[in-house]
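The structure comes before the text.

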Amino acid sequence: MTPPRWLALVLWLALMALAVVIVGRAHYTADLSAFLPRAPSARQQLLVEQLRDGPASRVLLMAIEGADAAARAQLSMATARQLRNSRGFLTVNNGESVNDARDRAFVFKHRYLLSEAVTPEHFTVGALTSSIDDTIALLASPVGFALKSLLPEDPTGETLQVLNQLDRSARPHTVGGVWASADGRRALLVTSMRAPGSDIDAAERAVKTIRADFARAQDAASGSTARDARLVITGSPLFAVAARDTIRREAVRLSILSTSLIVTLLLIVYRSLPLLLLGLLPVTSGALAGIAAVAAGFGAVHGITLAFGITLIGESVDYSVYLFVQSTRTANGAFDTARAEGAMWRTILLGVLTSVCGFASLLPSGFPGLAQLGLYSIAGLVVAAAVTRFVLPGLIPRSLHRRNLTPLGERVAVVLRHARAARWTLGIVAIGAALVLFVHRDTLWNRDLAALSPVSARARALDTRLRTDLGAPDVSDFVVVAGDDLQTVLRASEKVAARLAAFVSDRTIGGFDSPTHYLPSDAAQSLRRASLPDSSALRLRLKAATASLPVSAARLEPFILDAAEARAAPLLRVSDLEGTSFAAGFDALTMHEGTRWAALMPLHATEAGTQPSAAATDKIRAAVENAAPGKAFLLNLKNESDALYSSYLSEALRLSAGGFAAIIVLLLLTLRSPRRVVAVVAPLVLAVVTVASALLLAGRTLTILHLIGMLLIVAVGSNYALFFDRGAAPHSGGTPSLTLASLVIANATTVVGFGVLAFSAVPVLAALGATVAPGAFLALAFAAAMSARPSAAR
Amino acid sequence: MRKACHLLLALAPFMAPLANAADTDFERLMLLLAQKTQRHVSFEEQDYLSVLDRPLRSSGELLYERPDHLEKRTLAPKAASLILEKGSLTVQSGRRTHILPLSDYPQIAPLIESMRATLAGDEAALQRIFKVDFAGSLANWTLSLVPLDAQLRNVVQTIRIEGDEAELHSVTIVQADDDRSVMTIGPAVPP
């Protein structure tokens, strides 16, 4: 029973109006969040924050090449000076010491609050003797020149101790007063953006500022050689900007290209503009409904979901193709959709349900990106099919004419007979494909997150080169300490630091950074302050301590004064760091949202550059996580993100298998014949397996996008297989030539649409295209070849 | 005659540096120093610092390897070491280790460079930082180094190095406030 045409039209218009409103109001995001888990463990949550906003996500490395060393140094200094004046950067380092005077004054003033050596025992007679003796010994070294004026105020050497706490192991070479590569041919700069790495707009501004400042420095440079210098930039913020630009550009370019190709194709087939426009109606309705559903279901629509919108065109355009092509014409040449509305709709309905089963398997995914894609596809397909079924027939003008496609169908029928005759070759294909999959069984899936990275190999090579030049290998291991307020986090960080110090002494790691080196917790500061003896006690102890030393207690009177002052001084606050490089150091190692704080403690490799072994890493992990249970975690950025991706892939594989099982059950229930189910499913499975093995033979490993592509092969291909199944029914008289024509046309649009994607520079889109385009074609070819001879011909 | 020619040709590479530009004793000294690729000698040092009541005495060994590895191992009165390598100075004394990137210490770097450049026979490096005066003969020479940079002269007045051909005998550093350190260099330490 068909509902009245006008009701369908009104409902459709209302639905579209609603969708337009939702789509217009929807929030669109472009950060990494779609591909990060939704309800992760505390550990994963920290990792996700790190990936998005951590220190590594903010660092931009720069190299100045060309010209001569003097010009490069001049440009480095001029660029750095301008960058330091801009608000967008937390730190700008090029090897110049700019904050030195202020830093040293700060360290000297607050040495008793900052020095980790300060304990009550530090001021006993014995300890004083030994620390003053150490300081005096240093006076006989070149360091003594800088140190001897400090002796009267700081005989225990706390200033040097504080400077020493800051990790300064890995330093690049210096040429002309600025950092340079080991061969001296590039000047190097390192900056850290103020904004978190997930703020791609800020990253874009930062990169622009750097280029503009460099150009200005070049214009202002005195020497003419400065004009020959070039600036190269690398780092995650740059990658994020480049990736966003590429995806945007590609998504637009490829959508336009594939849409125009599909439109041209349909125009050639239909030879009717109104028919073409009507045919695009279900596609647009579906896309609109899909975006609206995602916006309503998830609150925000991810950019990548939109980019995948292209995939929907591939399947939803097929429905109108089936309708237009399979409809016969009345005697006067006008459309009679009535004939098509019987068995054809049942087949399409089953095809839609099959696709829905496939995509529904993505809905429970813990990763919003996949779940969004699933919901988008389901809503889009259902709406596109419903519009084709209920709205479109009512809109086709009675007078509309379509080119006669029966000849095309008849030619296809001839090909089909040849294909059937050659069906034995499918056995060989199946065995070959299975063999390839078996050989590659352990390396089928690429579990490296970099496989999805839109960053080109060349850009990655440049990045590695600059990092090597800087002697700053990737910060891959680091401790994250999270807590409900700053003091909790700082206290926990100090506990962790105490444990890490042991690994530094035994050379397991070269060193580590901690925000507590820049700002100790209130608790630690109070303890240190309370460790200072009062003036009379200190004076007595100094007298005893210096008895055997070449310095008299009387000379150290300024020390007693400073200690008395330090005993009464207020504790250091975050605001006290302002104006020194301590502020930048602290900001770079802390993150906070509201009152929740996280501290980062990057670990550095030893001077030899060796990373700790797996066993050593486990030991460090245990020590760290025992020091502050539930607050501190040791993370390895690469391992953890790969593990995250791997779990995401495993989950998607499991869910897809579930979806496949659901499809089988659905077909069993509707077709009521295991033989028919096999006939429908076998060509799809064979197509998927063949494409997968071809990709492997081409040297690719499969990623999650290939998996989505396979799901799409099943979704699109199921329609083909079901039409052939219907044609094989005992009383059907075989697959009619118009149906054959519609299948070929539908298939051509799909292959064209996805074929364009295969040439994309974005790996994610290329993977999808390279899977679906050949897969859809093979699904049709295999379904045709495996279809049973129509009973009428027997 | 032909034999003599061959001999001369064979010797030529060794004679070249001597025959070349070594016009003055200073240049000859620099060439001599440059030929020593490594040294391992003992030293005794006395530091006269006004802030201390009595001079500091220390002794130990000096190690040098061309072109820029310099190590001062103090053995008495207490063990300490000072290692210059790749532009950073590692100071170890008692329980403490300090790593100082020389670029961060513009007032120390030239002083270390004076020692390194002298040992390396690196004339250009010396002339870049100091006004260099050569006195005496190759067999008994004195190099006086006065910093060119006025700020540096606020730290160090002069550095005086004495020696005999490629062997150094003493290094005296006179600071701006008249504090002095005198290092007497002894014979090579047997390996």
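## Terms and source

A residue is called buried if 20 or more other C-beta atoms lie within 10 Å of its own, exposed if 12 or fewer, and partly exposed in between, with C-beta atoms placed from the backbone. The model is predicted: local features need pLDDT of at least 70 and side-chain atom pairs count only at pLDDT 80 or more, while totals for chains, interfaces and linings use all residues. Residues are numbered from 1 along each chain as its sequence is written, and chains are lettered from A and ligands numbered from 1 in the order in which they are written.

## Confidence

The model scores ipTM 0.78 and pTM 0.68. pLDDT, the predictor's confidence in each residue on a scale from 0 to 100, has a mean of 83 in chain A, where 90% of the residues reach 70 or more. Chain B has a mean of 81, and 84% of its residues reach 70 or more.

Helices (H or I, at least four residues) and strands (E, at least two) are DSSP runs numbered from the N terminus. In chain A, confidence is lowest in strand β10 (residues 335-336), at a mean of 58, and highest in helix α20 (residues 522-531), at 95. In chain B the lowest value belongs to helix α1 (residues 2-19), at a mean of 45, and the highest to strand β8 (residues 140-147), at 92. Two residues are in contact if their C-beta atoms, placed from the backbone, lie within 7 Å. Residues 1-5 of chain B stay under 50 in pLDDT and have zero contacts beyond four places in sequence. Over residues 7-21 of chain B the pLDDT is also below 50, and this stretch has two contacts beyond near neighbours in sequence. Where pLDDT is low, the predicted coordinates should not be read in detail.

## Chain composition

Chain A contains 29 helices and 15 strands. Of its 794 residues, 48% count as buried. Among contacts in chain A between residues at least 6 apart in sequence, 82% join residues at least 24 apart.

Chain B has five helices and 11 strands. Buried residues make up 26% of its 191 residues. For contacts in chain B with a separation of 6 or more, 35% are between residues 24 or more positions apart.

Axes are lines fitted to C-alpha atoms, for helices over the stretch in contact, and angles run from 0 to 180 degrees between N-to-C directions. Angles under 35 degrees count as roughly parallel, over 145 as roughly antiparallel, 65 to 115 as roughly perpendicular and the rest as oblique. A crossing is left-handed if the near helix is turned anticlockwise from the far one by less than a right angle, and right-handed if clockwise.

The axes of α14(A) (residues 343-360) and α25(A) (residues 637-671) come within 7 Å and cross at roughly 155°, so the two helices are roughly antiparallel. The crossing is right-handed. Among the residues that make this contact are Leu350(A), Leu353(A) and Cys357(A) of α14(A), and Ala662(A), Ile663(A) and Leu666(A) of α25(A). By class, the contact has seven nonpolar, four polar and no charged residues. Here Ala, Val, Leu, Ile, Met, Phe, Trp, Tyr, Cys and Pro count as nonpolar, Asp, Glu, Lys and Arg as charged, and the others, Gly among them, as polar.

The axes of α10(A) (residues 236-270) and α11(A) (residues 273-298) come within 9 Å and cross at roughly 130°, which makes α10(A) oblique to α11(A). This crossing is right-handed. Val263(A), Leu266(A), Leu267(A) and Tyr270(A) of α10(A) meet Leu275(A), Leu276(A) and Gly279(A) of α11(A). The contact divides into six nonpolar, one polar and no charged residues.

## Contact between the chains

The contact takes 32 residues from chain B and 28 residues from chain A. Elements of chain B that each supply at least two residues to its side include β1 (38-48), β2 (56-65) and α3 (109-120). β6(B) gives the most, with five residues. The side of chain B that touches chain A has 15 nonpolar, 10 polar and seven charged residues.

## Backbone details

A cis peptide bond, with omega about 0°, joins Ala76(B) and Pro77(B). Pro77(B) lies in the loop between β3 (69-76) and β4 of chain B.

Arg507(A), a residue other than glycine, has a positive phi near 65°. Arg507(A) lies in the loop between α19 (486-505) and β12 (511-512) of chain A, and counts as exposed because it has 12 C-beta neighbours inside 10 Å. Glu165(B) also has a positive phi, near 50°. Glu165(B) is in the loop between β9 (156-164) and β10 (167-175) of chain B, and is partly exposed, with 14 other C-beta atoms within 10 Å.
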